[in-house]
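Please keep the view open as you read, and take the points in order.

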Amino acid sequence: MIFDVAARSFAGKQVLIPVEELLGDCTGSRMPEVDPTHLNFDSAVRAIDSCPTSALRFETHNNSRHFVLDYGDCTGCGKCIEASGGALRVATRLTQCGIGRAALVRRWNLDTGEELTQGTEAPERAAQQIRKLLGRALNIRQVDAGSCNGCEAEITALTNPYYDLERFSIHFVASPKHADMLLVTGPVTRNMEEALRRTYEAMPSPRLVVAVGACGCSGGIFAGSYAVTGAVDQVIPVNGYIPGCPPTPAMLLTGILHVLGREHARS
Amino acid sequence: MSTAISRSDRASGLADAHALLRAGHTRLVSIFGRIDDDGFPWVHYLIDVDGHEYRHFCQQVQGAIPSATDITPAAAWYERELHDLYGIPIHGHPNLQPLVFHENWPHNLHPRLDTPVRGEYRFLKVQGKGVCEVPVGPVHAGIIEPGHFRFSVVGDTVLHLELRHFFTHKGIEARFEGIPVSSGAMLAESVSGDNCFAHAVAYSQAVENAFGLSVPPRGRALRLIGLELERMLAHIADVGALCGDVAFAVPAAYTARLKELLLRASARFIGTRYWRGLSRPGGMVRDLSDENLRELGIRLAGTAEDFAKLAQMILHTPSVLNRFESTGILKKEVARALGVVGPAARASGLKLDVRHDHPYGRYRTLALDVPHLNSGDVLARARIRTDEVAVSARLIADAIREMPSGAFSAAVPWQSTAEGFSAVESPRGELLYYLRIRDGRIQRCHIKSPSFQNWPALPMAMPGNIIADFPLINKSFNLSYSGCDR
């Protein structure tokens with residue numbers, strides 16, 4: 001029987017997705033993106049009114065009105081896409097993964113329709129140190145600090161034959177003492193706060209922390225609940241943020257490689 | 001009958017509920033609390049009678065209430081939660097320790113009470129020659145949710161297992177309070193992320209039942225496809241994980257591949273990997289084209305066929321049988337006493353399935369066969385899952401072939417006031433939403449999660465097994481931590 005199973009497996013066709021197709025892909029995540037040609041004041045108002053989180057909002061700077069889309073707060077519910085009449089659409093590419101919290105926030109000038117540019121950030125010192133010490137190898141410890149298990153399902157998928165995280169020399173390890181990176185999901189609950197802090201403290205330096213999902217990035221739809229402390233960065237220092245509810249395996253991979261400064265990596 | 005919920009508002013609601021539970025042929029579905037407009041606490045009991053009718057009892061309470069644990073042990077965790085969240089003292093409860101709030105919870109913080117009662121938590125101390133305690137969690141070795149397990153062992157043999165959960169308690173029920181009915185489905189999807197569609201449908205149906213709405217046939221058929229696909233995903237992943245736990249790596253990888261194939265097909269043809277953002281009160285958020293459904297159906301049928309052959313091989317491999325057979329037995333009497341639901345109940349000889357017992361949506365028009373087994377071990381739970389994948393695949397194929405045309409959603413009177421229930425057979429078992437709605441906003445939402453019901457059964461399947469089999473036994477139940485903790 002064992003041989004039948006093995007033979008069956010080897011007879012199947014290769015399903016591994018090339019890295020070029022994975023990086024930046026967000027198909028199936030339901031994340032929105034702005035179509036600047038359809039963005040105007042009316043469509044922006046409709047989109048903002050429909051948003052059940054605070055992912056969409058207005059800001060005024062120097063008498064010009066800005067339309068703000070914060071991916072860290074977005075759950076991809078799709079209400080803005082329904083309401084905005086074309087100003088927002090479903091994204092298939094999203095490179096805003098594994099970057100600083102501020103960089104998850106994108107802004108458009110509503111009077112000119114132009115996006116306001118942000119500076120690109122260099123990989124952080126910890127990431128550079130890890131690369132210098134370990135080359136391409138990276139050990140990840142995953143901690144669920146209160147998630148709904150949606151992010152866990154997608155993180156687990158990273159190890160399946162389609163994504164095969166091991167081809168990037170990245171492993172999930174059982175102990176924070178073996179880990180270079182902590183991948184944290186969930187709004188940090190009051191009951192998990194202490195456990196998360198202790199897990200972080202058990203890691204050797206240099207170490208990286210990546211907050212995963214809308215809840216990890218901003219507290220998501222649970223921000224403000226009596227039982228929730230808040231986003232991951234309210235408890236431990238965070239180096240990179242991966243948005244999504246949940247982020248797809250491709251977004252997770254993009255984010256992890258981005259934090260390491262390996263976003264141009266080949267498998 | 002799906003919505004046959006008879007409600008008793010009599011002042012003796014509590015005594016009536018206890019009497020009904022004592023009478024037999026009944027199963028405790030849920031106990032929960034509520035604070036009324038005048039600030040008085042109420043206790044609600046939900047009971048399943050003869051496996052085909054839900055009954056609802058409620059009563060305003062002052063001071064202590066008698067425990068139902070001597071009638072049915074299934075009441076134990078519900079009453080502890082009632083005590084924690086509403087401060088209602090429970091007379092005669094054998095173990096009224098804190099369930100929801102842990103030691104490091106801020107002392108004066110409570111969702112409803114000014115002066116919360118806080119007890120100290122003590123694990124049962126098993127004493128004797130050679131007895132050791134093994135604490136595990138909340139942070140586990142794998143990519144899984146947090147929870148604490150305290151084993152008392154002699155050598156490798158487990159004498160006692162005690163659970164300490166609620167690490168992922170997010171106050172979700174309180175989070176529902178005050179939000180518009182139209183926003184609730186999104187929150188329901190984040191109660192248990194891998195059963196998100198079942199939660200969204202259960203929530204939507206509760207609103208529909210409250211307002212007496214009927215979902216158009218196309219909406220019902222689309223929901224069935226989502227619900228059964230979610231069941232397939234869960235069961236395929238579970239069987240794979242069971243293989244992983246007995247170091248049978250090739251089928252573990254193969255099932256992971258089958259699951260991903262289904263997720264990618266959903267992403268491509270439906271636009272979402274886990275069917276999030278699709279169900280809402282009244283029906284579906286958007287229509288799915290017949291063309292896309294056919295394409296999805298082709299991939300589903302192929303996957304189900306592949307999985308059936310693979311499962312056949314797995315369950316005939318001697319090294320697998322050696323680990324699965326007679327491991328982690330949950331006896332029928334224990335399962336019944338604890339009100340166990342879902343695949344775990346069906347593997348222990350209890351023929352419980354909401355789709356069959358309290359049919360809803362499209363299931364009302366279907367003749368559904370409920371597979372069940374009697375041995376109650378890991379093997380039985382694995383077999384139930386493999387059998388159910390085949391049933392789900394057939395239901396989806398039928399629904400796609402006979403897809404009704406027309407509307408996919410009904411209009412909802414968003415500003416109304418009403419009360420409603422709905423139960424759904426999620427991949428983990430009976431999932432129930434109770435809603436009170438006033439002027440289009442949610443006043444109270446109670447979620448009866450199958451995991452909350454089933455977790456207390458896991459320690460009953462452990463004694464006598466070796467500690468190394470715990471991951472396997474735990475996985476064979478595959479309960480949600482977040483769904484339980486809410």
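This is a predicted model: local features need pLDDT of at least 70, side-chain atom pairs count only at pLDDT 80 or more; totals for chains, interfaces and linings use all residues.

**Notes for a first look**

1. Strand 2 of chain A and strand 3 of chain A, the latter covering residues 64-70, are joined by six bridges and run in the antiparallel sense.

2. Asn62(A) is not a glycine, yet its phi is positive, at about 50°. Is Asn62(A) buried or exposed? Asn62(A) has 5 C-beta neighbours inside 10 Å, so it counts as exposed.

3. Ser169(A) is another residue other than glycine with a positive phi, near 60°. Ser169(A) sits in the loop between helix 6 and strand 8 (170-172) of chain A. Because Ser169(A) has 14 C-beta neighbours inside 10 Å, it counts as partly exposed. These phi values deserve a glance, since most residues other than glycine have a negative phi, and most peptide bonds are trans.

4. In chain A, the bond from Cys245(A) to Pro246(A) is cis, with omega near -10°; Pro246(A) lies in the loop that links strand 13 (240-242) to helix 9 (249-259) of chain A. In chain B, the bond from Gly137(B) to Pro138(B) is cis, with omega near 15°, and Pro138(B) is in the loop between strand 7 (131-136) and strand 8 (148-154) of chain B.

5. Staying with chain B, turn to its strand 2 and strand 3 (residues 41-49), which pair over nine bridges in the antiparallel sense. The two strands form a hairpin with five residues between them, and Gly39(B) in the turn has a positive phi of about 85°. Within this pairing, Leu28(B) stands opposite Ile47(B) of strand 3 of chain B. Strand 2 of chain B (residues 26-35) has eight of its 10 residues buried, so this strand is largely enclosed by the rest of the structure.

6. Next come two helices of chain B. The axes of helix 6 (residues 217-245) and helix 15 (residues 470-477) of chain B come within 9 Å and cross at roughly 175°; these helices are therefore roughly antiparallel to each other. Asp238(B), Ala241(B), Leu242(B) and Asp245(B) of helix 6 of chain B meet Pro471(B), Leu472(B), Lys475(B) and Ser476(B) of helix 15 of chain B. By class, the residues of this contact are four nonpolar, one polar and three charged.

7. Finally, how many residues does each chain bring to the contact between chain A and chain B? Chain A contributes 53 residues and chain B contributes 50 residues. On the side of chain A that touches chain B, the elements giving two or more residues are helix 1 (2-11), strand 7 (138-144), helix 6 (150-157) and helix 7 (193-201) of chain A. That side of chain A has 26 nonpolar, 19 polar and eight charged residues.

Terms used:
Residues are numbered from 1 along each chain as its sequence is written. Chains are lettered from A and ligands numbered from 1 in the order in which they are written. Two residues are in contact if their C-beta atoms, placed from the backbone, lie within 7 Å. Helices (H or I, at least four residues) and strands (E, at least two) are DSSP runs, numbered from the N terminus. Ala, Val, Leu, Ile, Met, Phe, Trp, Tyr, Cys and Pro count as nonpolar, Asp, Glu, Lys and Arg as charged, and the others, Gly among them, as polar. A residue is buried if 20 or more other C-beta atoms lie within 10 Å of its own, exposed if 12 or fewer, and partly exposed in between; C-beta atoms are placed from the backbone. Two strands pair if DSSP finds at least two bridges between them. Axes are lines fitted to C-alpha atoms, for helices over the stretch in contact, and angles run from 0 to 180 degrees between N-to-C directions. Angles under 35 degrees count as roughly parallel, over 145 as roughly antiparallel, 65 to 115 as roughly perpendicular and the rest as oblique.
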